[in-house]
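I opened this entry to get my bearings in a structure that was new to me. My notes follow the order in which I looked things up.

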Amino acid sequence: MAVYTLPELPYDYSALAPVISPEIIELHHDKHHAAYVKGANDTLEQLEEAREKEVWGSINGLEKNLAFHLSGHILHSIYWQNMTGDGGGEPLAADGVGDLADAIAESFGSFAGFKAQLTKAAATTQGSGWGVLAYEPVSGRLIVEQIYDHQGNVGQGSTPVLVFDAWEHAFYLQYKNQKVDFIDAMWAVVNWQDVAKRYAAAKERSYNLLLAP
Ligand code: MN
């Protein structure tokens, strides 16, 4: 019985064109994301087998695979929801996302400063990675993370609320080697309503860390 399942896309393959082509969305969701779901489920099975047989020779690799595939599944699940064909611009109080707009201004000084930092973080990933806006519960602030693969360079306990996939599979068929053009274009499909919902939910459950009694 599979623990993780591939979520349906919240729109059809062409919904984000011309920013992201239907061909990329189809491959990215149906093949790449699906592979992370399978990888996470397979790794859980292999860990179960290791426990049953008490054979631990592969434990390091299995734990690394679990982090890689599970994080891939989680980030892609957020990624699809973070985008809409009706998106773009910036979060505004008039659109009901004033709390997010205020948090961005408090954490980064301005929306322009935040946008520049996340753009740079995503566009300068070395190899495969992500640019991520995350809620950091110890400070109660938002931070930008530059993630390696799906799981590296993350502040423990932070919750991703806006994710930019900077792996080549996310853009190469359309943007070729121009990763910076892809990241610049991504801002036109950001679903600020979804980001604001994630920010509110992350703030709500920030007590989970309980660093002090
Ligand atoms: Mn991807």
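**Ground rules.** I am reading a predicted model, in which local features need pLDDT of at least 70, side-chain atom pairs count only at pLDDT 80 or more, and totals for chains, interfaces and linings use all residues. Residues are numbered from 1 along each chain as its sequence is written, and side-chain values use heavy atoms, with hydrogens and water left out.

**The sheet.** I looked up the strands and helices, which are DSSP runs numbered from the N terminus (helices are H or I with at least four residues, strands are E with at least two). I found an open sheet of three strands in the order S2-S1-S3, paired antiparallel. Two strands pair if DSSP finds at least two bridges between them. The edges are S2 (141–148) and S3 (159–165), each pairing on one side only. Neighbouring strands are turned by 25° against each other on average, direction ignored.

**Strand S1.** I then followed S1 (residues 129–136), which eight bridges join to S2. Ala-134 has Ile-143 as its bridge partner in S2, and Leu-133 stands opposite Val-144. S1 and S2 form a hairpin with four residues between them. In that turn, Gly-140 has a positive phi of about 75°. Six bridges join S1 to S3, where Val-163 stands opposite Val-132.

Is S1 buried or exposed? I noted eight of its eight residues as buried, meaning under 20% relative accessible area with a 1.4 Å probe, protein chains only. Both faces are covered, with Leu-133 among the residues on one side and Trp-130 among those on the other.

**The helix pair.** I checked helix H1 (residues 22–53) against H2, and their axes come within 8 Å and cross at roughly 145°. Axes are lines fitted to C-alpha atoms, for helices over the stretch in contact, and angles run from 0 to 180 degrees between N-to-C directions.

His-76 in helix H2 (residues 59–82) and His-169 in the loop between S3 and helix H5 (172–175) are 93 residues apart, a pair linking distant parts of the chain. His-76 counts as buried because its relative accessibility is 0%.

Methods. Buried < 20%, exposed > 50% of the residue type's maximum accessible area, 1.4 Å probe, protein only.
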